[in-house]
Amino acid sequence: MKNGKKQTRLSGSERTDQIYSVAAQMICERGFDATSMSDIAEAVGITKAGVYHFIPSKKELLFAIMSYGMDTLEAAVINPAREVADAEQRLRFIITTHSMLIARSSTDDGHSPVTILVEEELGLSPVHRRKLRQRKRMYVDLIRSALEQLQADGKLKDIDVTAAAFSLLGMIMWLARWFRPDGKLSREQVAEEICKIALGGLLK
């Protein structure tokens with residue numbers, strides 16, 4: 001009850017962010033289909049009707065979380081990476097910064113929305129799925145362009161750049177499933193290890 005009283009003083013934007021954070025954590029843990037709006041409302045500490053005041057539907061909620069995750073990814077990784085001229089340094093920046101972004105979510109109370117950008121896409125409506133895929137495709141193209149530049153410079157091993165781009169993303173995203181903040185490696189160390197492993201398999 002005491003916690004609920006504190007939560008009622010949240011502004012509209014703060015409440016929405018809280019719902020996003022709690023829902024993202026629950027979806028990561030349970031999956032989209034197994035997470036109900038009632039579950040989210042109970043976890044947040046408001047009524048189900050209260051959740052619908054901020055979020056019109058469960059599918060809209062998932063799209064909002066994924067869009068927020070893409071916004072975060074673009075601000076922290078994609079846009080800064082475009083400013084790095086050297087292809088190898090650009091790829092290194094993408095791997096380490098994205099890995100840090102994923103690992104950072106594991107040190108907080110909840111999971112970052114970026115951890116469900118891939119796994120729960122089928123829960124979206126067809127229109128939202130197309131919009132999200134367009135944004136994700138731009139990220140894949142950014143990685144692929146760096147690989148193509150390295151290939152043209154003779155620095156890349158004999159590999160398919162498209163397969164390499166998707167495999168690289170899969171490696172980074174899987175970090176959310178196994179990294180633990182109280183484990184042997186720090187966020188910085190695990191990001192560096194992933195970068196060494198990835199570049200070791202890609203570069204000559």
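Helix α2 (residues 12-30) and helix α3 (residues 37-44) have axes that come within 10 Å and cross at roughly 120 degrees. The model is predicted. Its chain holds 10 helices and zero strands, and two further helix pairs are described below, along with the bend in α5.

**Packing of α2 with α3**
- The crossing of α2 past α3 is right-handed.
- On the α2 side the contact involves R15, Q18, I19, V22, A23, M26 and R30, and these meet D39, I40, A43 and V44 of α3.
- By residue class, this contact has seven nonpolar, one polar and three charged residues.
- Residues three or four places apart on an α-helix point the same way, because there are 3.6 residues a turn.

**Packing of α7 with α8**
- Helix α7 (residues 126-152) and helix α8 (residues 161-173) have axes that come within 9 Å, with a crossing angle of roughly 125 degrees.
- That angle makes α7 oblique to α8.
- The handedness of the α7 and α8 crossing is right-handed.
- From α7, the contact takes in Y139, V140, I143, R144, L147, E148 and Q151.
- From α8, V161, T162, A164, A165, F166, L168 and L169 take part in the contact with α7.
- The residues of the α7 and α8 contact comprise 10 nonpolar, two polar and two charged.

**Packing of α8 with α10**
- The axes of α8 and helix α10 (residues 187-202) come within 11 Å and cross at roughly 165 degrees.
- Since angles over 145 count as roughly antiparallel, α8 and α10 are therefore roughly antiparallel to each other.
- The crossing of α8 and α10 is right-handed.
- A164, L168 and M171 of α8 make the contact with I194, I197, A198 and L202 of α10.
- Seven nonpolar residues form the contact of α8 with α10, with no polar and no charged residues.
- A164 and L168 of α8 are listed in the contact with α7 and also in the contact with α10.

**Helix α5**
- Helix α5 (residues 58-82) has 25 residues.
- From its first C-alpha to its last, α5 reaches 34 Å, close to the 36 Å expected at 1.5 Å a residue.
- At E74, α5 bends by about 50 degrees.

**Whole chain**
- Along the sequence the elements follow the pattern α-α-α-α-α-α-α-α-α-α.
- The C-alpha atoms fill a box of roughly 60 × 40 × 30 Å along the principal axes.

Key:
Residues numbered from 1 in each chain as written. Predicted model: local features only at pLDDT ≥ 70, side-chain atom pairs only at ≥ 80, totals over all residues. Heavy atoms only, no water. Helix = DSSP H or I, 4+ residues; strand = E, 2+ residues; numbered from the N terminus. Expected span 1.5 Å × (residues − 1). Bend = angle between axes of the 7 residues up to and from the residue. Axes fitted to C-alpha atoms, helices over the stretch in contact; angles between N-to-C directions. Parallel < 35°, antiparallel > 145°, perpendicular 65-115°, else oblique. Left-handed = near helix turned anticlockwise from the far one by under 90°. Contact = heavy atoms within 4.5 Å. Nonpolar A, V, L, I, M, F, W, Y, C, P; charged D, E, K, R; others polar.
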